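Here is a friendly briefing to read alongside the model. Please keep the viewer open as you go through the points below.

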Amino acid sequence: MKVIGAGFGRTGTASLKAALEHIGHGPCYHMFEVIAQPTRIRPWASALDGERVDWDQVFAGFESTVDWPGCAFWQQLMERYPDAKVVLTVRDPLRWYESTYNTIYQFVKNGSEADERFGADPDMLALRPTIERMVWNGTFDGRFEDRDHAIEVFERHNAEVQRIVPPERLLVFEVKQGWGPLCEFLGVDVPEEDFPHVNDSASMTDLAEQIRSEGRVPSPFAGQG
């Protein structure tokens with residue numbers, strides 16, 4: 001594990017995933033991987049139960065992680081992988097809330113629709129309640145619809161990461177900054193290609209269905225180079 005993403009979802013994590021994979025720090029584990037292979041949700045459910053989790057097995061084949069579910073366990077991962085660097089993706093709190101509410105949070109509110117579309121896949125059906133337990137009822141105390149509370153949690157999380165992670169091990173990063181800060185932090189050359197700006201603003205249900213049908217997460221750099 002080379003890079004641990006501590007930023008919440010909807011802070012540019014899909015773009016960061018693509019960027020890390022392009023500069024040799026991939027594959028990168030993201031919620032997309034869980035959607036593509038729903039059996040991956042099982043150890044995360046165990047972690048929520050306080051059970052011992054073999055992180056090496058969870059991340060076998062991956063060199064980085066961003067987004068949920070990994071960011072919910074960033075401290076455990078930082079301790080397990082002491083040589084890994086930490087990237088905290090951030091954005092304007094109000095824009096983050098609106099983006100999150102209008103996309104991935106709707107996956108919770110439209111749960112019955114998602115269940116019908118994914119049919120009888122038990123692992124896929126377990127995904128939504130596990131993430132609801134981890135994120136919406138866990139991180140946000142079941143109060144995500146309270147905008148002020150959600151933003152307070154978001155800002156408190158970002159402050160805690162910056163307080164705990166040693167400065168030399170942490171990059172606070174907005175994806176609009178592009179390659180420069182990220183490549184300097186990781187000690188790699190800046191690619192010739194533009195920094196990826198992945199548009200994953202479709203509904204969570206539609207996005208999940210697309211990834212599940214393809215069985216993989218497409219790269220914005222596919223066909224380049």
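The largest nonpolar core has 46 residues, where a nonpolar core is a set of buried Ala, Val, Leu, Ile, Met, Phe, Trp, Tyr and Cys residues joined through side-chain atoms within 4.5 Å. Helix H9 gives the most to this core, with 6 residues. This is a predicted model, in which local features need pLDDT of at least 70 and side-chain atom pairs count only at pLDDT 80 or more, while totals for chains, interfaces and linings use all residues. Residues are numbered from 1 along each chain as its sequence is written, and side-chain values use heavy atoms, with hydrogens and water left out.

**Nonpolar cores**

- Trp-44, Trp-55, Phe-59, Trp-136 and Phe-140 are the residues with the most contacts inside the core of 46.
- Buried here means under 20% relative accessible area, exposed means over 50%, and partly exposed lies in between (1.4 Å probe, protein chains only).
- Leaving aside neighbours within four places in sequence, Phe-140 is in contact with Phe-8, Trp-68, Trp-96, Val-135, His-149, Ala-150 and Val-153; contact means heavy atoms within 4.5 Å.
- As background, nonpolar side chains tend to be buried together in soluble globular proteins.

- Helices (H or I, at least four residues) and strands (E, at least two) are DSSP runs, numbered from the N terminus.
- H1 is mostly covered, with 8 of its 10 residues buried.
- Those buried residues of H1 are Thr-13, Ala-14, Ser-15, Leu-16, Lys-17, Ala-18, Ala-19 and Leu-20.
- After H1 comes Gly-24, which has a positive phi, near 90°.
- In helix H3 (residues 41-48), the buried residues are Ile-41, Trp-44 and Ala-47.
- These three cover an arc of only 115° around the axis, so they sit on the same side of H3; the arc is that of the directions from the helix axis to the C-beta atoms.
- The cover over the buried residues of H3 includes E2, H2, helix H4 (55-58) and helix H9 (122-139).
- Gly-50 follows H3, and its phi is positive, near 80°.

**Backbone features worth a look**

- The peptide bond from Gly-26 to Pro-27 is cis, with omega near 5°, and Pro-27 lies in the loop between helix H1 (13-22) and strand E2 (28-29).
- Trp-68 and Pro-69 are also joined by a cis peptide bond, with omega about 5°; Pro-69 is in the loop between strand E3 (64-65) and helix H5 (74-80).
- Asp-67 is not a glycine, yet has a positive phi of about 70°, and its place is in the loop between E3 and H5.
- Asp-67 counts as buried because its relative accessibility is 7%.
- Arg-10, likewise not a glycine, has a positive phi of about 70° and lies in the loop between strand E1 (3-5) and H1.
- With a relative accessibility of 12%, Arg-10 therefore counts as buried.

**A buried histidine**

- His-30 lies in the loop between E2 and helix H2 (31-36).
- Why does His-30 count as buried? Its relative accessibility is 2%.
- Leaving aside neighbours within four places in sequence, His-30 is in contact with Thr-13, Ala-14, Lys-17, Val-66, Asp-67 and Trp-68.
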